[in-house]
Amino acid sequence: SPKIPAAVVATRDDRDRTGRLDDDRLQLVAITQVVVDRDLHQGIVYFDTLDPDADGEVVEALNEHRAKL
């Protein structure tokens, strides 16, 4: 299946935060690529899932947890 871009943007200030994402919507999700701008200030996360019908929920979950990414 094609790479799915998630509308996830993390700022430079968010990089210092760490932790696990305990969210059932992110089970069986593989992060396939992360593209960042030149100053590493913003990035786009690409992912794939085993359930293509769950893509909307995954994007929603990633956006909710973007500060941790």
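# Questions on a predicted model

Me: Does His65 count as buried or exposed, and at what relative accessibility?
Reply: His65 belongs to the segment that follows helix 1. The limit for a buried residue is under 20%. His65 therefore counts as buried, with a relative accessibility of 15%.

Me: Leaving aside neighbours within four places in sequence, which residues is His65 in contact with?
Reply: A contact requires heavy atoms within 4.5 Å. Once neighbours within four places in sequence are set aside, the contacts of His65 are Leu21, Asp23, Arg25 and Leu26.

Me: How far apart are the closest N and O atoms in the salt bridge of Arg25 with Asp23?
Reply: Side chains of opposite charge can pair when their charged atoms come close. Arg25 is partly exposed at 23% relative accessible area, whereas Asp23 is buried at 13%. In the salt bridge of Arg25 with Asp23, the closest N and O atoms are separated by 2.6 Å.

Me: How many residues apart in sequence are the parts that the pair of Glu60 and Arg25 ties together?
Reply: Glu60 counts as partly exposed at 44% relative accessibility. Its side chain meets that of Arg25 in a salt bridge of 3.0 Å, N to O. Because Glu60 lies in helix 1 and Arg25 in the loop between strand 1 and strand 2, the pair ties together parts whose separation in sequence is 35 residues.

Me: How many residues apart are Arg25 and Glu64?
Reply: Arg25 also forms a salt bridge with Glu64, with 2.8 Å between the closest N and O atoms. This pair links distant parts of the chain, the loop between strand 1 and strand 2 and helix 1, at a separation of 39 residues.

Me: Which residues are linked in a network of salt bridges?
Reply: The count of salt bridges comes to three. Arg25 pairs with Asp23, with Glu60 and with Glu64. The network thus formed consists of Asp23, Arg25, Glu60 and Glu64.

Me: What is the area of the nonpolar surface patch made by Ile31, Val34, Val36 and Leu40?
Reply: Ile31 is situated in strand 2 (residues 29-36) and counts as partly exposed, at 46% relative accessibility. Leu40, in the loop between strand 2 and strand 3, counts as partly exposed at 44%. With Val34 and Val36, these residues make a nonpolar surface patch of about 340 Å².

Me: What distance separates the C-alpha atoms of Ile44 and Val34?
Reply: Ile44 is found in strand 3 (residues 43-49) and counts as partly exposed at 36% relative accessibility. Ile44 and Val34 are 10 residues apart along the chain, and their C-alpha atoms are separated by 5.6 Å.

Me: What is the phi of Leu28?
Reply: Most residues other than glycine have a negative phi. Leu28 lies in the loop between strand 1 and strand 2 and is exposed, with a relative accessible area of 64%. Although Leu28 is not a glycine, its phi is positive, at about 60°.

Me: What pattern does the chain follow, read along the sequence?
Reply: The secondary structure comes to one helix and three strands. Read along the sequence, these follow the pattern β-β-β-α.

Me: What percentage of the residues in the chain is buried?
Reply: The accessible surface of the chain is about 5,100 Å², with 49% belonging to carbon and sulfur atoms. Of the 69 residues in the chain, the buried share is 25%.

Technical notes
Residues numbered from 1 in each chain as written. Predicted model: local features only at pLDDT ≥ 70, side-chain atom pairs only at ≥ 80, totals over all residues. Heavy atoms only, no water. Helix = DSSP H or I, 4+ residues; strand = E, 2+ residues; numbered from the N terminus. Buried < 20%, exposed > 50% of the residue type's maximum accessible area, 1.4 Å probe, protein only. Patch = residues over 30% accessible without salt bridge, like charges linked within 9 Å, V, L, I, M, F, W, Y side chains within 5 Å. Areas by Shrake-Rupley, 256 points an atom, 1.4 Å probe, with all protein chains shown as cover. Salt bridge = Lys/Arg side-chain N within 4 Å of Asp/Glu carboxyl O.
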